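Colleague: I would like to learn how to read side-chain features in a model. Please take me through them one at a time.

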Amino acid sequence: MTLENEVQSLRQVPMFRDIDPARLKLLAFTSERVTFTDGQRFFTQGDVGDAAYVILDGAADVLLETAHGQLKVAEFGRNDLIGEMAVLAETPRSATITAVGDVVALRIDKRVFIELLAQFPQMAIAVMREIATRLERTNARLASRN
């Protein structure tokens, strides 16, 4: 995938839509394109949050380690941002993320991600909204189990 293709892919991510194309090009250039195979882990619950990821193609499961084993709590797909909570909160990863089939993602280093949020308040707001929406969905799922 060329740099221009990665910029176009990033433009499809809702929180990046309003960012200047030159900045997106810089983001694509400073980020690492990574691939995962079925079952391969992006990261494990408890790991240090050193980067966020944008899924360019494919899907990934969100798994929690519980006293009764792993519990799937969500699935992410194309254009979803993952791993941002540990980066923002500077806490260990709250879940394990594993690839479902082949996945192509863009790995955004923690420092670069934080700089983007500082430079683009609209992106910071979009990230906060996404985290709040995920929390609401998780709460609704938990409530429906009772």
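**Reading helix 4 and beyond**

Modeller: Start at the N-terminal end of helix 4, which Asp-109 caps: one of its side-chain oxygens lies 3.0 Å from the backbone nitrogen of Arg-111. Such a polar contact is a pair of N or O atoms within 3.5 Å; within protein, one must be able to donate a hydrogen and the other to accept it, and residues adjacent in sequence count only if both atoms are side-chain atoms. Helices (H or I, at least four residues) and strands (E, at least two) are DSSP runs, numbered from the N terminus. The model is predicted: local features need pLDDT of at least 70, side-chain atom pairs count only at pLDDT 80 or more, and totals for chains, interfaces and linings use all residues. Residues are numbered from 1 along each chain as its sequence is written, and side-chain values use heavy atoms, with hydrogens and water left out.

Colleague: Which residues of helix 4 are buried?

Modeller: The general idea first. An α-helix has 3.6 residues a turn, so residues three or four places apart point the same way. In helix 4 (residues 110–119), the buried residues are Val-112, Phe-113, Leu-116 and Leu-117. They cover an arc of only 135° around the axis, which puts them on the same side of helix 4. That arc is taken from the directions from the helix axis to the C-beta atoms. Buried means under 20% relative accessible area, exposed over 50%, and partly exposed in between (1.4 Å probe, protein chains only). The face turned away from the buried side carries the exposed residues Arg-111 and Ala-118.

Colleague: What do the buried residues of helix 4 pack against?

Modeller: Their partners include helix 2 (21–30), strand 3 and helix 5 (121–145). Contact means heavy atoms within 4.5 Å.

Colleague: Now the salt bridges. Which residue does Arg-111 pair with?

Modeller: Side chains of opposite charge can pair when their charged atoms come close. A salt bridge is a side-chain nitrogen of Lys or Arg within 4 Å of a carboxyl oxygen of Asp or Glu. The structure holds eleven. In one of them, Arg-111 meets Glu-115, the closest N and O atoms being 3.1 Å apart. Both lie in helix 4, four residues apart, about one turn of the helix. Arg-111 is exposed at 52%, while Glu-115 is partly exposed at 39%.

Colleague: And how do I read aromatic pairs?

Modeller: A pair of aromatic rings is described by the distance of the centres and the angle of the planes. Rings of Phe, Tyr and Trp (its six-membered ring) pair if their centres lie within 6.5 Å; planes under 30 degrees apart count as stacked, over 60 as edge-to-face and the rest as tilted. There are four aromatic pairs here. Phe-36 and Phe-42 are stacked, because their ring centres are 3.9 Å apart and their planes at 20°. Phe-42 and Tyr-53 are edge-to-face, at 5.3 Å centre to centre and 85° between the planes. Phe-42 lies in strand 2 (residues 41–43) and Tyr-53 in strand 3 (residues 51–66), so this pair ties together parts eleven residues apart in sequence. Both Phe-42 and Tyr-53 are buried. Ring pairs link Phe-36, Phe-42, Phe-43 and Tyr-53 into a cluster.

Colleague: Where does Glu-90 lie, and what is its phi?

Modeller: Most residues other than glycine have a negative phi. Glu-90 has a positive phi of about 55°. This residue lies in the loop between helix 3 and strand 6. Glu-90 is exposed, with a relative accessible area of 62%.
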